[in-house]
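Subject: Structure handover

Hi,

Here is the structure I promised to pass on. Have a look at it first, then read my notes below.

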Amino acid sequence: MDQHDPDDHDHQEIPSDPALRVKALESLLVEKGLVDPLALDAIIDTYEHRVGPRNGAQIVARAWTDADYRRRLLADATAAIAELGFAGRQGEHMVAVENSATVHNLVVCTLCSCYPWAVLGLPPAWYKSDAYRSRAVIDPRGTLREFGLAIGDDVEVRVWDSTAEIRYLVVPERPPGTDGMDRDQLAALVTRDAMIGVAKVAAPADRGAR
Amino acid sequence: MNGVHDMGGMEGLGAIGYERDEPIFHAPWEARALAITLAMGAWGKWNLDASRHQRELIPGPLYLSISYYERWIEALGRLMVKAGLVTEGELAGGHPAPGAPKATPALTAERVAPMLRRGGPTIRDVPATRRFAVGDAVRARNINPAGHTRLPRYARGCAGTIARVHGVHVFPDSNAHFQGEQPQYLYSVRFAGRELWGDRAGPRDAVYIDLWDSHLEPG
């Protein structure tokens, strides 16, 4: 398979098929007793089925409907989020930033791909893309336009570059036409993208449009 | 290090590639790559900062040509070899060396939920000097370390204002090199868009960057 000169010891060479490479790696580590495949299954199950953006949506819906909770969330997000039972890896230290008529918040990690796993699950591929990581800080308005979101000149755009272990959750604006909705109905409106800051939460009438 | 990973402010790096109804993993191997990386971390042979730095050490042209989870797997291989958990030959051949001892996995399925639930808090309850308060004018130092740093290039030398004080946190720039946690105050610093990008930026816009005491000097 690998016919190159033994002196040409390029450790960075990548086999063309990452699927084969990862399969071989897992089998080596299992044979050596370094990983338990059942533990791998449990990790995957956590992020496929247990931890995801529905967590964040519950936080936002609670903040929209409970003024005291909103205050606690903005003052100490880690504690307020723990009240709802969410905590842990890549969400150890949380800060909530609130959108309004005058401020729009956007979250990025320019140096790697830091993201609030505990409340939003694993990041989407676009969040980890080199294009988003590089451009969100220099051209946030242009970046948002690519997501179909135009921000007025009278609104201040705040970009949060996640360079430490602080994870940012955007609290989007509550859309009009939702006065009679209960917390679960509201949570169903809140999207992952709105909690990163690349979308607004659409009013129910807009969502219903076919 | 001034690597390609430090890409804030660059352009021409392709499309954002938004995908509607994106799956959590695009192929089963991505899920295994994530899980293997987390499970190997449970051996405690390296820390999160060291693993980030290992990804930064992937040569730039390769880094830009491979996908996210390929970067993870590439860096994991290096970390395991450096830590003595696997040998170069085992990694290349895919089988344990003859006579290699068999370990007992550090992470079992029952321990996954508590491990993920606990996470890895970086706040430390130790005394540290708090040099700045909210509202203080500061400047990001113009440093260009050869090793790991969380001070992005695009902010170096720029003036900002302390927006929040996050408390005393592990300092990744030392921790990544196993030179101790050196806990120090961590701040959210507000940089005006115009300070970072000149007229290109909107007049009201700003970028907030989390920076440690060692990254800052009085403004």
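**Between the two chains**

Between chain A and chain B there are eight salt bridges, a salt bridge being a side-chain nitrogen of Lys or Arg within 4 Å of a carboxyl oxygen of Asp or Glu. One of them pairs the side chains of R21(A) and E74(B), at 2.7 Å from N to O.

Before going on: this is a predicted model, where local features need pLDDT of at least 70 and side-chain atom pairs count only at pLDDT 80 or more, while totals for chains, interfaces and linings use all residues. Residues are numbered from 1 along each chain as its sequence is written, chains are lettered from A and ligands numbered from 1 in the order in which they are written, and side-chain values use heavy atoms, with hydrogens and water left out.

Back to the interface. Chain A puts 89 residues into the contact and chain B 94 residues (contact means heavy atoms within 4.5 Å). The two chains bury about 7700 Å² between them, 61% of it on carbon and sulfur atoms; that is the accessible area, with a 1.4 Å probe, lost on putting the two parts together, summed over both. On the chain A side, K32(A), L111(A) and I138(A) lose the most area to chain B, together 9% of what that side buries.

An open sheet of seven strands runs β2(A)-β3(A)-β4(B)-β3(B)-β2(B)-β1(B)-β5(B), with mixed pairing. (Strands are DSSP runs of E, at least two residues, and helices runs of H or I, at least four, numbered from the N terminus; two strands pair if DSSP finds at least two bridges between them.) β2 (103-108) of chain A and β5 (216-218) of chain B are at the edges with a single partner strand each, so one side of each has no neighbour in the sheet.

Where do the chains join? Strand β3 (residues 156-161) of chain A and strand β4 (residues 206-212) of chain B run parallel, joined by four bridges. V159(A) has V207(B) as its bridge partner there. Helix α8 (residues 130-138) of chain A packs on the sheet, touching β2 and β3 of chain A and β4 of chain B.

**A helix pair**

What residues does α1(A) bring to α1(B)? They are P18(A), A19(A), V22(A), L25(A), E26(A) and L29(A), which meet W29(B), R32(B), A33(B), I36(B) and M40(B).

Cheers

Conventions. Axes are lines fitted to C-alpha atoms, for helices over the stretch in contact, and angles run from 0 to 180 degrees between N-to-C directions.
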